[in-house]
Structure formats: C-alpha cells, structure tokens
Amino acid sequence: YWAENSALIIGCPKSSLSERPEDSDFFVLPEDRPRIREAFQAAQTQGDTYTLEFRGIDPRGERAFWRVNGKFLRGVSGEVERAIGVTENITRQKRFENALRVSAERFAATEAAAGTLSYDTDIANGTVWRSSGMTRLLGWSVDEVPATAEGWTALKHPDDRQPVSNNGRGSYLSDSDHYSIEYRVAHKDGHYVWVMDSGRVFRNDNGEITRYLGSTIDISERKRADAGTARMAAVASASQDALFGVDLKGKIEAWNPAAERLFGYSLDEIIGQDLSLLAEDAYRAEQSDIVGQVTSGNIVGPLETKRQRKDGTSFYASLSVSPVRASDGTVTGMAATVRDISDRKEWQARQIMMSRELAHRVKNSFAILQSILRSTLRSSSSPEQFAVAFSSRVYSLSVAQDVLTDNDWKGAELGDLVRRQLAPYMSRIHSRIDIQGPKVQLPADYAVPFSLIFNELASNALKHGALSNGSGNVSLSWTLAIVHGGPPRLFVRWEEHVIGASLQPGPDAFGAKLIDKSLAEANVTRVYRREGLLCSIDVILT
C-alpha cells in the first residue's frame, strides 16, 4: 500500500504504484535492486527496523538518491507479516556530502603541496587537532604525539621552549594577536627540524588566550642558508643578500653589490658613513643596541626590522649581525646581512585579509540561509510546500556560491548567473524563456540577491504565471547605461506573456519580499497586467 503523496515524492504517475510487493522497487536503478532486496531480507533477521539507501532517477531524468527508514511488524510466532516505511529523497544531502568530501580532499592536497602541518589548539579543553602533515614534516603519525599542547612542547628543542600564559601574551604576538615564530622540533629519526609557526590566537572576554590556530612549515633549508651567509658575510661579495662590514665605531668599511642594489648607495658614497644612515629615526636606538651586543661578542639575528634606502623609502628586512674576530679572538668589527622580506610581509598580510574575508562570507551565507529557513517556514501552509520552496531557495544560493567560486569571489557575470539559475526550467521549457543582454560583471555582493530574485520570478511563473500553461512565455533582458555622467546603472526587465490569461496570483509574502528587498539600493517595480507580470530592476553598479 502506498501513501497518498507517494507518486509526488517519487515523481511518477499513480498507475506505476503497484500493490505487488515484487514490483515496489520499480524506481530503484536496476543495478541496485539485487543489493536492496538482499539487504531487505537480511534486515528481517537482524531486528525490527531497517534502513536502505539506493539510487534512482528523478522526474527530470537526473540521478537521484533515496533513503527508506522502516519497521517490521511481526506476528505471534515472530514471523514478519508486514513492513512499513518512509521514503525520502536525499539527493541534495548526498551532493552536500560529496562537496564536503571534495573540499576536504582539496585541503589535504593543498596542504601536501605546500608541505605544511595545520593545527588547532583548544586551551579551554586542553586538546590539539593536528593534520596529517605531521608525518610529512616530522615523521611522527598524529597518533604518536599526544593531542595536547604539552605533547608538542615536548618535541621542541630545550632552548626553544617558550611557555605561554593564558592571562598574558607571548612576546612573539603582534598587536592583532597574530604570530610568526621560528624554532626547532624533533624529527622521529632523531634530528631537529627548523620550522616557522604562523597563525593567530583567540581570547575570551577577559583577555585570556583560549585558542591557537595556524600552520607550521619546514624552514631548515633557509636556516642553513642563513648560517652559511653569516659565516661568509665578510667576503661573500657575490651574495644576493646585502652584506656589509662595520668597524667598532659604527662606520661602514665594506659594501657588496647586493647592498648597493638594495639600499641605493654606491660603494664610494657609503664607505666611511655612519651605520645610522641606513635606519629611520624610530630604529636608531635598536641599531645602537645591536652594535653594543655584537661588540660584546654576541651574534644578533635573524631579526625582523625595517631599514631605509637612499631615496628615503623604507622596507621590511631580515637582519643578522656577527662579530668579526682577530686571530686572538678579539672583536675587531661586525659583518651584517640584510635581506628584503617585504614580499613575505605583504603575503602574510594578504593571507590574513583573505582569511577574514572568507570567514565574513561564510557567516553571511549562514545568516542568509537561516533567514530564508525561518521566513519560508512562516509562509508555507504545509510541509510539502515548505520543502519545495526551501529547496528551491537553497538551490538559488548554491548557484550564486558556485558562480562566485568560479570567479575567485571577485564578482559574477550576470548572463552566467541567470542561465545557471534558470537551468532547471530551461531543461523543460527552454523555448519559452528568451534571455538577452550584454556581458555585465556584477559585484560579489550582488550575486546572491540577483540569484534569489530570479529564482522567485521563475518559480512564480511556473506555478501561477506565464509558464504554468502551454501558451505563455517569458522575456528576460538587461542593459547597462551611464546616466548623466554618473556611475553605470543596470536595468533588468522580466516580462511574462500569456495569451488570453487573466491576472494570476503573485509570489507569497516572503517571495515578494525577496524580489523587492534583496537588493537594498535597487528600485524594483512589479506590475500585474492582464497578459502577465512585468518586473523591472534599476540598480547602480558600485
């Protein structure tokens, strides 16, 4: 026996619903039928409930996924006399699961290509999540190192362990609570690996650090290069790093070609000049402190700082300074290495900006989805109506997300957005929807509103308007114009034509609100004529 809505859910004529149990799997793909029948029989011996998942074809001829949850009713003797169940279409869920799987695979592939280890330290719970990059970087499997902050600290070189107080802040934290630190970690085979740890911390309302989130990369090669450069700083005139020598009075006495290119001073201009010439006023005290430390025999750096060129411009630099010793060990001067790290600093800033932008857009998407869910639920008179309306609106959101993703979130081409949004309708009645308009690049923030508007217009036309019978058609067009020398304006026109039709109902209250209010700065008009709906949109493209 089939429920009243069975044909609607499956998408078949009622005549297909046979009362013969052996015919009840007609909407299952033939290759899945033996497996489902076997699973159904086996379930009867394993308990009173069962769950089956299988593939089928939906009314549009596309692949669909179904799930049946049911229960067996047994007689006095324990024999199964009856099976009852509920069938639901889980195609969208399967697609979301596949999208999550693909996203996880992409993350893993990107991390593997970059050679990084990602981590998330939850101080409140005392736990740490680490990615599989742990094995690539250090040889340890994730299970071999305790999932705690202490587990990672135990791997650090004893000289590099830096305790962090939840109430304080590590000296390596920036004002924005981002950090980038370098230290040594034990590899599983016994040697130490130099790594750079970059990320940010999160705090509670009391300013206590509750979470660390970041990534770790192997910088051993860079460290070895830095060490080699420091040893050869006095004589490596061919180095690509800026190398120069300074006497104990702070006067420059050696200058390699790379220093000339970086700072802009020729050899003749700089020899004999005071070291302070290379630093802005704000960094003169730091420079004097470095000279004092090196004169005492200490090696300073690599230190991230700023230095100044001949033309007055400044740049971010990685600075290393070592003492130059005579044969008896006496310090006679200093050898300095300067490397321009402006590109790295810019990259770090860009990564931070991109992370914030991604978080912002994800939060916006969830907020929009939550609003649509509540409003659709309020405006629906039945679960079936809610399911159809909500699925349609979620689909419109996914279309906008796909188009934005394809364009690296820089915007959306209007024609591409329209055709993807109307694809489900075009596949059935493509000859009755005419789309015309030039290429128009929409700002990223306009993609979701336009997608929602086109979905509501198309859905209404299919239920009540020009596409609800065999005689109507829809014309969708747009133009781009400069009005009185102002910014470009986009004019969109949705026009329905139904021969001999009377005025038909418009969208529900929430659907009308989506059309009228999705684009906050737009002028939207809807006119219900005898021949069908006319909707016009006038919006400035900022």
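Mentor: Start at leucine 422. This is a predicted model. Beyond its neighbours within four places in sequence, leucine 422 is in contact with Ile433, Ile435, Phe454, Ala458, Leu476 and Trp494.

Now widen the view. Leu422 belongs to the largest nonpolar core, a set of 46 residues. Leu422, Leu442, Phe450, Trp478, Leu490, Trp494 and Ile537 touch the most other members of that core. Next, the elements that build the core. Those giving two or more residues include four helices: H11 (383–406), H12 (414–421), H14 (444–463) and H15 (509–517). Strands E15 (433–436), E17 (473–482), E18 (488–497) and E20 (532–540) also give two or more residues each. The largest share comes from H14, with eleven residues.

Go back to H14 for its rings. Phenylalanine 450 and phenylalanine 454 both lie in this helix, four residues apart, which is about one turn. Both are buried. Their ring centres are 5.8 Å apart and their planes meet at 25 degrees, so the pair is stacked. The cut-off for stacked is under 30 degrees. Phe454 is also one of the contacts of leucine 422, and Phe450 is among the core residues that touch the most other members.

That pair is part of a wider set. The structure holds 13 aromatic pairs. Take tyrosine 50 and phenylalanine 72 next. Their ring centres are 4.7 Å apart and their planes lie at 35 degrees, so this pair is tilted. Tyrosine 50 sits in strand E1 (residues 49–57) and phenylalanine 72 in strand E2 (residues 63–74), so the pair ties together parts 22 residues apart in sequence. Tyrosine 50 and phenylalanine 72 are both buried. Elsewhere, ring pairs link Trp2, Phe26, Phe27, Phe54 and Trp66 into a cluster.

Rings also meet charges. Arginine 200 lies over the face of phenylalanine 202, at 4.1 Å from the ring centre. Lysine 306 lies over the face of tyrosine 316, at 5.1 Å from the ring centre.

Finish with another lysine. Lysine 223 lies in helix H6 (residues 220–231). Its relative accessibility is 14%, so lysine 223 counts as buried. The cut-off for buried is under 20%. Leaving aside neighbours within four places in sequence, lysine 223 is in contact with Glu182, Trp194 and Pro302.

Conventions: Residues are numbered from 1 along each chain as its sequence is written. This is a predicted model: local features need pLDDT of at least 70, side-chain atom pairs count only at pLDDT 80 or more; totals for chains, interfaces and linings use all residues. Side-chain values use heavy atoms; hydrogens and water are left out. A nonpolar core is a set of buried Ala, Val, Leu, Ile, Met, Phe, Trp, Tyr and Cys residues joined through side-chain atoms within 4.5 Å. Buried means under 20% relative accessible area, exposed over 50%, partly exposed in between (1.4 Å probe, protein chains only). Contact means heavy atoms within 4.5 Å. Rings of Phe, Tyr and Trp (its six-membered ring) pair if their centres lie within 6.5 Å; planes under 30 degrees apart count as stacked, over 60 as edge-to-face and the rest as tilted. A charge sits over a ring if NZ of Lys or CZ of Arg is within 6 Å of the ring centre and within 35 degrees of the ring normal.
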